[in-house]
Amino acid sequence: MRTKIVAGNWKMNKNAEQTEDLINELIDKLPTDTDVKVVIAPTFVNLASAVDHTEFTKIRVAAQNMHQAEGGAFTGEISADMLKSIGVNTVILGHSERRAYFHETDALIANKVETALKHEMTIIFCFGEELKDRSTNSHFNIVEGQLRDGIFNLPESAWSNIILAYEPVWAIGTGETASPEQAQEMHEFIRETVRKQYGSQVADDVSILYGGSVKPDNAKEIFSKPDVDGGLIGGAALNANDFVGIVNAM
Ligand code: PEP
């Protein structure tokens with residue numbers, strides 16, 4: 001039985017006060033009787049206060065990134081242990097903005113995954129093709145390669161800590177969304193690729209989120225697809241009504 005998840009990636013948005021305000025609004029507006037797991041990922045400096053503010057709620061807090069090393073001379077970086085020490089047990093890794101702007105490779109992301117798992121963290125593993133890959137019909141190969149190089153070295157036991165987030169890069173922050181059919185086609189491919197590698201138990205249990213310009217008015221149709229188990233939300237996660245609308249569409 002897989003979990004339905006809606007996660008909000010706040011990126012480099014919201015100062016301390018705005019973070020508190022948005023969390024308070026979410027606490028007021030999110031349904032309390034939902035079986036959807038709700039995750040928010042504010043920026044590093046606001047994680048500790050986000051953990052405090054959500055303590056007695058169903059909202060869970062994730063980091064947007066972390067460093068692969070345990071610690072040391074890595075100016076400006078944050079370790080898994082630091083995150084765990086403030087109560088953050090989930091981390092987004094491999095986001096396309098990390099890959100594009102910070103040159104994170106599949107090998108580096110695999111390294112981060114390994115470190116996060118050592119600390120028993122849950123990982124929202126992001127991957128997805130660029131527009132040029134889709135236009136040359138190589139999107140399935142690209143996605144399979146990202147899975148293979150990023151997480152297919154993991155033992156089967158690690159998969160209870162893995163959430164997959166398929167995010168076609170051409171649909172992130174662009175207002176372009178994969179059609180529900182395109183999302184389902186790729187999610188089914190991803191699940192079957194996991195099945196070939198790890199068997200049915202892992203494939204049937206792993207949650208696969210869709211990310212890319214999900215909004216309250218397109219969420220229901222995307223989430224209705226059988227292999228879409230939720231969403232990773234960027235822009236629309238910054239507005240409480242939009243984010244709650246997306247959770248309610250699940
Ligand atoms: C994202 O960055 O993960 C994302 C899905 O962004 P947006 O919803 O804004 O496209």
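View 1. Lys118 is exposed, because its relative accessible area is 59%, where exposed means over 50%, buried under 20% and partly exposed in between, calculated with a 1.4 Å probe and protein chains only. This is a predicted model, in which local features need pLDDT of at least 70 and side-chain atom pairs count only at pLDDT 80 or more, whereas totals for chains, interfaces and linings use all residues. Residues are numbered from 1 along each chain as its sequence is written, and side-chain values use heavy atoms, with hydrogens and water left out.

**View 2. The surroundings of the ligand**. The ligand is surrounded by 13 residues, of which Lys11, His95, Glu167, Gly173 and Ser213 are the closest, a residue being counted if one of its heavy atoms lies within 4 Å. Oxygen atoms of the ligand lie 2.8 Å from a side-chain N or O atom of His95, 2.7 Å from a backbone N or O atom of Ser213 and 2.8 Å from a polar backbone atom of Gly235. Of the 290 Å² of accessible area that the ligand has on its own, the protein covers 97%.

**View 3. Positive phi values at Lys11 and Asn137**. Most residues other than glycine have a negative phi. Lys11, in the loop between strand 1 (4–9) and helix 1 (16–29), has a positive phi near 50 degrees. Asn137, in the loop between helix 6 (131–135) and helix 7 (139–150), has a positive phi near 60 degrees, and with a relative accessible area of 60% Asn137 is exposed.

**View 4. Helix 8 and the glycine that follows**.

**View 5. Asn218 and its contacts**. Asn218, in helix 10 (residues 216–223), counts as buried because its relative accessibility is 19%. Leaving aside neighbours within four places in sequence, Asn218 is in contact (heavy atoms within 4.5 Å) with Thr177 and Ser213.

Notes:
Helix = DSSP H or I, 4+ residues; strand = E, 2+ residues; numbered from the N terminus. Polar contact = N/O pair within 3.5 Å; in protein donor to acceptor, adjacent residues only side chain to side chain. Areas by Shrake-Rupley, 256 points an atom, 1.4 Å probe, with all protein chains shown as cover.
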